[in-house]
Amino acid sequence: MVFASELEAYHKYVAYAIGKGFGVRKFKIRKNDKGEITRRTFVCNCEGYSINSSDQERKYEKLEVRCGCHAFIRFKVENGTYEVIDYVPKHNHEFIPKHQRYLIRCGRMISDTCKGVLVDMAKAGIGGTTAYKFLANEAGGNQNLGFILRDCQNFLQGERLNYIEGGDCQSLLNHFHCMQMQNPIFFYAQQVDQDGRLTNLFWRDSLSKFDYDCFGDVMVFDTTYRTNRYSLICAPFVGVNYHWKNTLFGCAFLLDETADSFIWLFEVFLKSMGNKAPKTIFTDQDHAMAKAIQIVFPNTQHRLCTWHIEKNANKNIPHLYQKLIFKDKYFSRLMYKCKSENEFETTWRKMQEEWDTENNSWLQRLYDLRHKWSSAFGRDIFSCGIKSSQRSESTNNVFQQFSKKTSTLIQFVHYYEEQLKHMREIENQDDYSSRGTPRLQISYNGILTHAASVYTRAIFRRFYEEFLQSLSERISGTTFDGFIYEYTLKCDGIQSEHVVRFNPTDFSVSCECKLFESKGWLCRHALHILNGNISVSAIPSSYVLKRWTKGAKQGYVNDESHEISPGPSTFNRFSALMQSAFEVMSLGAQDENTMRIAKKNLKATVAEIASYNSSVTVTNDA
């Protein structure tokens with residue numbers, strides 16, 4: 001056979017291959033001295049053997065299909081025509097069944113008509129998966145469409161790359177450059193592809209860096225939001241401040257949710273925060289994200305966001321999750337109420353037996369990740385005592401409004417900045433409300449008085465609840481080994497018991513409920529023991545976490561690990577002074593008197609520097 005072009009020859013062989021049940025791969029080219037093609041070969045996609053690569057080089061797990069098949073077709077090329085000169089039809093493997101042949105890679109292609117429909121639907125805000133289902137339905141099934149969902153998503157991603165307007169990007173980058181000129185601690189970073197097009201972007205302002213220094217031990221990272229115009233992923237980094245409110249550490253735009261994108265983002269985030277990693281990070285259930293966290297934050301505890309798990313449960317097992325008896329008796333219990341690994345395993349087996357869920361693939365995948373979401377496996381992991389579902393739901397409401405109200409990237413960033421201002425104003429109001437000490441119903445109690453003086457209003461309320469509940473606890477047993485007392489506590493009307501260990505020498509106390517380890521304030525069981533000891537007149541200092549106190553933001557700039565070392569450049573000196581100034585601003589803004597003190601000393605500093613500058617002799621511009 002003779003063909004007028006390589007494309008015609010290739011398509012003919014591919015059509016033959018799909019009909020038989022094998023894939024085609026373009027192979028060797030032979031050229032003459034003038035660089036003209038003289039021979040062209042196409043082979044079966046099972047030709048040869050794959051070269052083994054290390055696990056680090058492999059981006060994703062790929063099944064081995066090459067088995068040394070010798071089937072091929074070779075063409076002689078003269079004057080642009082392709083003539084068959086050699087052909088081996090025999091294969092050493094089974095052919096792909098007829099009902100699966102539409103999946104063969106070389107036979108998949110999105111027609112120009114389908115491309116136009118996909119682009120129009122994307123502009124109308126319709127997602128790639130929904131658009132693909134529509135086209136598959138119109139074609140009478142996936143097998144008649146000519147391409148699969150992954151092809152559709154890859155095409156739309158390429159379109160988004162081309163669609164992001166240069167003017168919008170430049171306006172955004174100009175805005176960030178301006179912000180950095182005004183404040184050198186402002187940070188942003190961008191990633192572009194080989195054609196210089198924007199793919200990923202991260203930014204955070206200077207106060208977010210300071211907030212992270214104070215409250216960056218626990219972080220929620222979410223990628224469930226999309227910008228309206230380009231369908232970019234909006235990924236905020238969310239923390240919890242000392243008033244139990246959300247605080248934003250930064251935000252990112254991502255083109256995709258691949259491991260490479262997440263690795264780039266987490267490395268940039270870490271760099272912007274002085275290489276200080278969080279203790280605990282909450283995310284949704286994403287394999288690529290988990291891989292990136294393991295690489296960039298190897299010592300960080302990775303927990304899954306229960307809000308996303310519940311949303312996914314409603315989507316993947318609605319026939320079970322929407323039944324109240326299943327949700328309350330098993331699903332919610334497995335997530336929040338199991339106190340030990342044995343209790344979790346027993347509850348899971350009972351759920352399988354009663355609801356016949358043993359072969360449910362989604363639940364099995366969830367079970368494989370149980371150590372990341374069940375309270376039974378994370379009671380001693382510090383999480384600020386929050387259910388990540390609460391944080392994600394409140395953040396989701398904010399960012400959904402972002403997406404609805406904005407179209408361009410620069411509009412989105414401006415809206416984000418306005419939200420930051422609002423959150424900081426709320427924090428300022430909470431600071432004002434936490435002045436002084438609350439009125440106590442119980443007088444002359446050293447522990448309670450101490451808590452009221454150091455904790456913010458929101459945290460004291462939670463501590464106070466534990467303190468009141470401690471009055472209901474009773475000691476049912478005591479042992480002493482010469483150093484440590486071990487108390488068994490029981491509450492009237494409740495069957496469960498708790499064991500508390502107490503050292504009277506250094507006042508160290510621990511309870512098996514692990515409330516302090518996970519939340520950061522003492523539990524009712526430990527408080528019952530401490531309150532009953534006449535030597536204890538305040539909360540032992542090791543059990544007052546600074547992040548929950550009114551002075552949570554004081555003194556951080558003096559920590560050597562956070563302070564920028566003053567170097568020879570103006571930038572470094574400016575940055576170091578800016579961090580030191582944060583403490584002055586924080587203390588000075590408390591009331592009128594502190595502001596007067598701060599302004600007085602700042603004026604004296606300005607006058608001293610002016611006096612120094614006037615006395616310096618300038619020679620040779622130095």
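Trainee: How many disulfides does the count come to?
Mentor: The count comes to zero disulfides, a disulfide being a pair of cysteine sulfur atoms within 2.5 Å. Please note that this is a predicted model, in which local features need pLDDT of at least 70, side-chain atom pairs count only at pLDDT 80 or more, and totals for chains, interfaces and linings use all residues. Residues are numbered from 1 along each chain as its sequence is written, and side-chain values use heavy atoms, with hydrogens and water left out.

Trainee: Is Cys523 buried or exposed?
Mentor: Cys523 is buried, with a relative accessible area of 4%; buried means under 20% relative accessible area, exposed over 50% and partly exposed in between, using a 1.4 Å probe and protein chains only.

Trainee: Changing topic, which residues touch the most other members of the largest nonpolar core?
Mentor: Phe253, Tyr455, Phe463, Leu522 and Ile539, out of 64 residues. Such a core is a set of buried Ala, Val, Leu, Ile, Met, Phe, Trp, Tyr and Cys residues joined through side-chain atoms within 4.5 Å.

Trainee: What is Phe463 in contact with?
Mentor: Leaving aside neighbours within four places in sequence, its contacts (heavy atoms within 4.5 Å) include Ile447, Tyr455, Trp521 and Ile539.
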